[in-house]
Number of protein chains: 2
Amino acid sequence: MSKVSWDDKTMARQNGIVQPLLTDLYQITMAYAYWKSGKVNDAAVFDLFFRTNPFQGEFTIFAGLEECLKFLQNFHYSDSDIEYLRQTLPSTIEPAFFDYLKDLTCKDIILSAIEEGSVVFPRVPLLRVEGPLIIAQLLETTLLTLVNFASLMATNAARYRMFAGKHISLLEFGLRRAQGPDGGLSASKYSYIGGFDGTSNVLAGKMFNIPVKGTHAHSYVTSFSTLDDIQRVTLQHAETREKCNLLEKALDWRNRLSPILDASPEEASDGELAALISYALAFPSGFLALVDTYDVKRSGLLNFCAVALALHECGYTAVGIRIDSGDLAYLSVLARDTFKKIADTFDLPWFAKLTIVASNDINEDTILSLHEQGHAIDCFGIGTHLVTCQRQPALGCVYKLVEINGQPRIKLSQDVGKVTIPGHKKAYRLFGADGHALIDLLQRSSEAAPEVGQKVLCRHPFQESKRAYVIPSKVEHLYKIYWKDGHINTAPKPLSEVRERVQASLRTLRQDIKRNLNPTPYKVAVSDDLYNFIHDLWLQNAPIGELS
Amino acid sequence: MSKVSWDDKTMARQNGIVQPLLTDLYQITMAYAYWKSGKVNDAAVFDLFFRTNPFQGEFTIFAGLEECLKFLQNFHYSDSDIEYLRQTLPSTIEPAFFDYLKDLTCKDIILSAIEEGSVVFPRVPLLRVEGPLIIAQLLETTLLTLVNFASLMATNAARYRMFAGKHISLLEFGLRRAQGPDGGLSASKYSYIGGFDGTSNVLAGKMFNIPVKGTHAHSYVTSFSTLDDIQRVTLQHAETREKCNLLEKALDWRNRLSPILDASPEEASDGELAALISYALAFPSGFLALVDTYDVKRSGLLNFCAVALALHECGYTAVGIRIDSGDLAYLSVLARDTFKKIADTFDLPWFAKLTIVASNDINEDTILSLHEQGHAIDCFGIGTHLVTCQRQPALGCVYKLVEINGQPRIKLSQDVGKVTIPGHKKAYRLFGADGHALIDLLQRSSEAAPEVGQKVLCRHPFQESKRAYVIPSKVEHLYKIYWKDGHINTAPKPLSEVRERVQASLRTLRQDIKRNLNPTPYKVAVSDDLYNFIHDLWLQNAPIGELS
């Protein structure tokens with residue numbers, strides 16, 4: 001092991017860019033073995049794809065492309081990287097190899113990809129990397145790292161968005177439970193892409209221009225014990241600019257509301273009231289308060305409504321409440337009923353529409369169960385389950401060699417699901433007359449593209465009997481070249497457009513493919529030509545003397 | 001939302017340090033509300049602790065302290081942070097608040113902590129943060145982010161180490177499936193702390209001085225089709241420096257070995273042989289080859305043994321094989337038997353001891369099941385399950401206010417498990433005569449420390465009837481002050497010492513606490529004084545008119 005003390009400013013991203021040493025050592029040992037075998041000019045094609053959709057679903061959202069492009073753009077081993085490798089690899093490595101590494105860039109790589117934010121399916125490559133074998137191999141781990149978590153996260157968020165329904169706001173609250181600082185940032189970014197409306201993560205807001213949201217914690221409430229803990233109690237009226245005593249008004253309202261809420265001011269916490277008043281003084285136009293520190297029914301709601309009505313007398317409209325514990329269905333309905341009763345009693349229609357945010361350990365199942373039970377929640381704040389993708393914390397993208405020096409390569413396996421589809425391929429999405437996507441079709445790149453109105457034979461890649469003719473009403477060519485000749489060839493879309501793309505792309509999927517329970521698999525097929533190509537190659541590579 | 005385009009070099013870590021904006025927005029809105037309430041000089045105590053051990057186990061390894069200290073040391077809002085906040089927060093925020101934020105540092109914070117790498121238990125604070133309420137509150141999310149994943153990961157790794165046994169090497173291979181680039185780096189670092197022997201992650205090796213390991217992938221093998229694909233076939237003999245034709249020798253050995261292995265050279269893949277020869281030429285002293293690209297029994301083992309024996313004739317000793325698919329118990333035993341047979345036949349005892357690495361989707365259960373079945377694996381390469389902590393991808397540390405201006409604070413909850421233990425506390429670990437840890441004891445800081453040989457009343461924090469006298473043979477005070485007066489007060493230990501601390505600390509736990517199935521919970525108690533303190537406070541805070 002190296003004895004050098006490396007600059008401790010080294011990190012996964014230098015200037016925001018992932019470094020080429022963020023890879024598995026075997027990529028570099030393989031690079032040396034290739035280099036030493038004289039394979040410097042070998043030309044390879046690798047496919048990056050996954051084999052199973054995450055979360056027991058039948059679709060995936062592809063994300064991470066922009067970061068892959070930045071990585072290619074900046075791919076370069078620094079002097080200190082080279083020095084580290086020199087000390088880490090066996091001393092028998094020829095010095096000329098390090099000179100070779102030093103000059104490596106991605107100028108001879110061609111990266112083709114599906115558009116970021118698209119729905120994608122098993123076996124259809126998300127990325128195709130063509131170029132010199134050594135450099136294409138060296139990109140493997142980093143590209144996988146960048147695509148796997150981004151796509152997993154975007155898919156998870158898109159599922160939450162789907163199950164919550166369009167009319168509910170979704171906020172990502174997961175930073176504290178994320179897998180490290182960068183895990184938290186990626187979670188915020190790709191949740192937003194997947195359809196979330198904002199995040200609590202301030203740095204993510206700053207970096208990616210994502211709306212940031214937040215109010216206060218239980219500790220804010222418990223830091224106040226009595227009404228004496230508030231030092232200032234007045235604010236200026238929003239219009240008249242006259243002094244308004246928020247404390248007096250809130251105490252008055254608490255008494256008036258007591259019979260309506262069937263809660264007594266004596267049972268309500270004065271510390272909580274003090275906290276809510278002080279918070280309202282700080283954010284008179286943005287008053288959204290946590291109401292479950294002591295007891296939602298006996299304390300939180302009463303105190304909140306009292307402060308909200310006091311604020312109203314001062315010319316401000318409260319925003320709403322957050323509930324972070326207990327029976328969210330029951331409590332949200334209780335809160336909504338209370339708000340409606342107050343709206344009716346005092347003829348304040350806006351009060352009935354106050355926002356109710358819920359945020360306690362929410363996952364897909366909680367949302368579906370709340371929908372079933374009936375609730376009055378407007379917004380979910382979702383943390384752990386969202387950002388760690390608890391249901392399935394990794395997506396299994398792989399990066400497989402499919403062609404070398406013009407010769408196709410197939411990876412055989414006793415498990416037919418792991419057999420790779422060889423060769424340089426194109427992918428098309430065929431749409432029906434109703435606008436829904438029917439099937440993804442992989443073809444050999446030498447074949448002509450399927451045409452609108454013409455029947456196309458679509459075959460299961462491995463099961464001979466499964467085949468069908470499809471007559472597409474629209475044909476989408478799935479790949480664009482994003483990187484070529486050392487430059488970005490197609491600019492990746494900005495975050496907001498990728499976010500729109502996700503929803504647009506999901507709309508092309510039939511509902512039964514997207515449903516939670518037993519979704520229908522979307523079909524991925526190969527052309528007749530590609531089918532025969534695979535199976536001829538399979539036969540050539542089958543071991544002698546074994547049933548394959 | 002801000003329309004400013006922020007410098008896209010912004011990232012979670014600037015110069016390796018986590019930034020203060022990596023937090024939840026509500027910390028900043030609370031800071032403003034506190035500031036506006038005149039609470040700038042309020043003094044707070046927060047405890048950072050967890051409520052349940054992860055992975056259905058009964059212990060946790062505490063990690064992340066060094067990163068927390070770096071964060072405190074560098075806590076400072078940059079001008080661009082302030083500008084972002086100014087544009088993001090409501091326009092009603094008083095400008096003087098931003099001046100206040102601009103000058104904030106951690107100089108008035110005192111951070112006490114348990115030693116990094118120690119085994120820790122529910123409810124015993126890992127960190128105690130004392131200081132001005134606003135700044136102590138502002139640290140919450142970031143400290144949680146830094147401790148949660150680090151501790152989860154170290155605990156996961158320590159469990160793998162325990163279940164694998166001391167004599168098996170463990171390598172972390174998870175970068176490609178980690179939760180983002182930094183998730184991957186943290187995983188490598190904290191796996192090493194938890195007891196792993198190395199990582200495939202080159203950047204982690206460089207940054208943390210962790211041994212890096214790796215060989216080659218299946219794609220390396222499939223990139224060779226025939227023996228003609230090797231351009232150079234000779235190497236110098238290790239001692240005589242004479243030319244050795246590795247291809248000729250390997251082909252010769254393949255024929256000689258065929259009857260011993262009951263595998264025919266015609267069935268073995270020539271592409272694989274070519275790949276292994278080229279790899280051996282590149283790494284003659286480090287020849288460790290993947291043998292399952294085609295068929296371990298019919299092709300991989302025969303080719304590997306042929307190349308290993310050819311290398312031996314050239315003066316080099318092969319390292320071993322890696323198996324990445326199939327029945328690892330069966331295949332490893334098959335490989336070991338084969339190696340032994342060859343060792344006997346050719347009187348080469350070292351051959352029997354070649355390393356066997358296994359690496360296909362390994363988790364705790366796989367290891368336990370392999371141990372049950374019997375196997376001959378020397379080293380596990382572990383990826384996804386390790387680095388994403390698939391069994392439980394988040395640790396639930398929380399950060400709770402326990403005292404303000406000298407007054408204790410308790411957070412009550414209908415769920416007794418969520419009630420906090422109030423006040424400024426000290427924690428002791430009491431050891432028995434046999435050196436095992438007996439119990440962790442929380443006391444009020446004003447109490448005298450328990451003494452060796454003196455009986456101490458230890459009480460369950462919430463169940464009155466549960467109490468016991470303990471006579472400790474050794475008393476360990478768990479907290480040290482790590483940060484005070486704007487400086488590091490106790491230097492955090494270097495990685496290698498933290499790694500040793502983990503194993504030393506685990507050895508103090510009785511075996512039944514560490515076992516996989518139904519482990520015994522380790523006891524955490526409170527002193528009689530603290531018990532009464534909690535329950536008096538509970539009573540004072542109990543809502544009127546409700547059974548609590």
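A: Gladly, and bear in mind that this is a predicted model. Across the interface of chain A and chain B, the rule finds six salt bridges.

Q: Which residue of chain B does Asp24(A) form a salt bridge with?
A: Asp24(A) is bridged to Arg176(B), and the closest N and O atoms of that pair are 2.9 Å apart.

Q: And which helix of chain A gives the most to the side that touches chain B?
A: That is helix H1 of chain A, residues 25-36, which gives 11 residues to the side of chain A that touches chain B. By class, that side of chain A has 52 nonpolar, 42 polar and 26 charged residues.

Q: How many residues are in contact, and what area is buried between chain A and chain B?
A: In chain A, 120 residues are in contact with 120 residues of chain B. The area buried between the two chains is about 10200 Å², with carbon and sulfur atoms giving 59% of it. Arg176(A), Gln179(A) and Lys206(A) supply 9% of the area that chain A buries against chain B, which is more than any other three residues.

Q: Changing topic, what is the strand order in the open sheet of six strands in chain A?
A: The order is S9-S8-S15-S14-S13-S12, with parallel pairing. Strands S9 (198-199) and S12 (288-290) of chain A stand at the edges and have a single partner strand each, so one side of each is left without a neighbour in the sheet.

Q: What joins S12(A) to S13 of chain A?
A: Three bridges join S12(A) to strand S13, residues 320-323 of chain A, and the two run parallel. Leu290(A) stands opposite Arg322(A) in S13(A).

Q: Over in chain B, is Arg254(B) buried or exposed?
A: Arg254(B), which is found in helix H10 (residues 246-261) of chain B, is buried, because its relative accessible area is 5% and the cut-off for buried is under 20%. Beyond its neighbours within four places in sequence, Arg254(B) has contacts that include Asp270(B), Leu273(B) and Asn303(B).

Q: Which residue does Glu267(B) form a salt bridge with, and where do the two lie?
A: Glu267(B) forms a salt bridge with Arg298(B), and their closest N and O atoms are 2.8 Å apart. The pair links distant parts of the chain, 31 residues apart, with Glu267(B) in the loop between H10 and helix H11 (270-282) of chain B and Arg298(B) in helix H12 (residues 296-313) of chain B. Glu267(B) is partly exposed at a relative accessible area of 24%, and Arg298(B) counts as partly exposed at 28%.

How values were computed:
Residues numbered from 1 in each chain as written. Chains lettered and ligands numbered in written order. Predicted model: local features only at pLDDT ≥ 70, side-chain atom pairs only at ≥ 80, totals over all residues. Heavy atoms only, no water. Pairing = 2+ DSSP bridges. Helix = DSSP H or I, 4+ residues; strand = E, 2+ residues; numbered from the N terminus. Contact = heavy atoms within 4.5 Å. Buried area = accessible area lost by both parts, 1.4 Å probe. Salt bridge = Lys/Arg side-chain N within 4 Å of Asp/Glu carboxyl O. Nonpolar A, V, L, I, M, F, W, Y, C, P; charged D, E, K, R; others polar. Buried < 20%, exposed > 50% of the residue type's maximum accessible area, 1.4 Å probe, protein only.
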